[in-house]
Amino acid sequence: MEYRQLSPETVPGFLKDIPSMQKIFSDLDDLEVEEVGDGNLNFVYKVRQRKNPEQTVVIKQAVPFLRIVGESWPLSRTRMNFEIQALEHHTKYCPQHVPQIYYSSTDMSLVVMQNLNRHEVLRGEMILGKIFPKLAEHISSFLANTIFPTTDWCLTGGEKKAMVGRFINPELCKITEDFVLTNPYEDHETNVYHDEVTQADKDYLQQDSQLKVAVAEMKYIFMNHSEALLHGDLHIGSIMANEKETYVIDPEFAFFGPIGFDVGAFIGNLFLAYYAHEIRQPMLGREPFEYRNWILQTAEETWNKFQSKFEANWVAHEQNFPHSYWSYPEGRIGFALQRQRFLRHIFEDTIGFAACKMMRRIYGLAKVADIAEIPDLKTRLDVERSVMRMAKGMVKQRSAFRSIEELTALAQEISPLR
Ligand code: SR1
Ligand code: MG
């Protein structure tokens, strides 16, 4: 099949030719299509049968450019191949948190999947101040269950290297290398500053040698530590949820990288929301305490549960496939020490990457609505300064934090819960 960019007008005809769509739609001649993609990279269409709107799918199609910039920024459509492979992996290891895939085509660079029409994008819901009681439980499961099976603790060297090869994703990694781990820390042309940002604010990020060394170290880790298959872009816009269920979407940035990059992406976004809600809760007419407390608890619970689930997966794997390496009288202790040291290393990376994910959203090209849509620029700047202060402390001192609770304490020191 030859690639063509779909439009709301051509979607119904395209779906009609896919045999599996007959199982979803009772009448393929009666479809309505709404373009909903407000993402940075792709086009997304919601398709419903007019007389029976419960019969519905979502189509996500990659176009050969970076949508947030436009056609002047070419970006190969092969990113959809990585998304399809990653969705298959996520479905295998954590189906309860992945939308159902009905059809995919690397030729057309698209996937047709379950319309999560009883769920909303988490970022939008969190901006509205909604609480998701199961979020930490679900995201920690997603992370531990999709990541552990792709580590060298689980795969043989040959299996792992073959898989790494299938997920060499240089173009999307370059986006992260540039927009998350380089450009915000120099006065780069792709950065976007609002009118209240002063030269001193920019220098705070762009002329602090210790910070620049720390960020360069994180970038090196990102580029060199192929520890496990990652989602690669696990911010809270890549999650759809309601009170009971949580789905992880959009894994087009999937690659083999440092485990802390995924965990840190999620936790860093929680901290961004924490600072935004110093302002947003009063804007919603509420006292900030309850919501911000929930955000910090979610960050703590996510790390603590991820750690114990990852470790449980590791122990179970060792029980199922025992290594002679640990079969000596004190082997149990040695194995426990190994797990403890590895998780400590993931924790440090988590803190460092969470910080970079926070900082890139302040001066970098792609913002987060939580903060960028605070209408008063002086108030927004106050929030941004708190984010910068926390993030700097995190990445520079990442080896000094002994627990996630020390990190949430730092968040409160900079901006008390109130
Ligand atoms: C140009 S940067 C676009 C961003 O959108 C994606 O969601 C990634 O986070 C990427 O960095
Ligand atoms: Mg995305």
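Tutor: Strand 10, residues 239-241, pairs with strand 11 in the antiparallel sense, over 3 bridges. The model is a predicted one. Within this pairing, Met 240 stands opposite Tyr 247 of strand 11.

Helix 4 covers residues 135-147, which is 13 residues. At 1.5 Å a residue, helix 4 should span 18 Å; its end C-alpha atoms are 18 Å apart, so the two values agree.

Helix 4 is also mostly covered, with 11 of its 13 residues buried. The cut-off for buried is under 20% relative accessible area. Leu 135, Ala 136, His 138, Ile 139 and Ser 140 are among the buried residues of helix 4. Ser 141, Phe 142, Leu 143, Ala 144, Thr 146 and Ile 147 are buried too.

In it, 5 strands run in the order 1-2-3-7-6, with antiparallel pairing. Strand 1 (31-35) and strand 6 (101-105) stand at its edges; each has a single partner strand, so one side of each is left without a neighbour in the sheet. From one strand to the next, the twist averages 20 degrees. Strand 6 pairs with strand 7 (residues 110-114) in the antiparallel sense, over 4 bridges. Here Met 113 in strand 7 is the bridge partner of Ile 101.

Helix 2 (residues 79-93) lies across strand 2 (42-49), strand 3 (52-62), strand 6 and strand 7. Helix 2 runs at about 130 degrees to strand 3.

Last, the ligand. The residues surrounding ligand 1 include Asn 40, Leu 41, Leu 66, Ile 175, Phe 179, Phe 253, Arg 361 and Leu 365. Asp 233, His 235 and Arg 360 are also among them. An N or O atom in the side chain of Asp 233 is 2.6 Å from an oxygen atom of ligand 1. For Arg 360, a polar side-chain atom lies 2.6 Å from a ligand 1 oxygen atom. For His 235, the distance from a polar side-chain atom to an oxygen atom of ligand 1 is 3.4 Å.

Conventions:
Residues are numbered from 1 along each chain as its sequence is written. Chains are lettered from A and ligands numbered from 1 in the order in which they are written. This is a predicted model: local features need pLDDT of at least 70, side-chain atom pairs count only at pLDDT 80 or more; totals for chains, interfaces and linings use all residues. Side-chain values use heavy atoms; hydrogens and water are left out. Helices (H or I, at least four residues) and strands (E, at least two) are DSSP runs, numbered from the N terminus. The expected span of a helix is 1.5 Å times one less than its number of residues. Buried means under 20% relative accessible area, exposed over 50%, partly exposed in between (1.4 Å probe, protein chains only). Two strands pair if DSSP finds at least two bridges between them. Axes are lines fitted to C-alpha atoms, for helices over the stretch in contact, and angles run from 0 to 180 degrees between N-to-C directions. Contact means heavy atoms within 4.5 Å. A residue is near a molecule or strand if one of its heavy atoms lies within 4 Å of it. A polar contact is a pair of N or O atoms within 3.5 Å; within protein, one must be able to donate a hydrogen and the other to accept it, and residues adjacent in sequence count only if both atoms are side-chain atoms.
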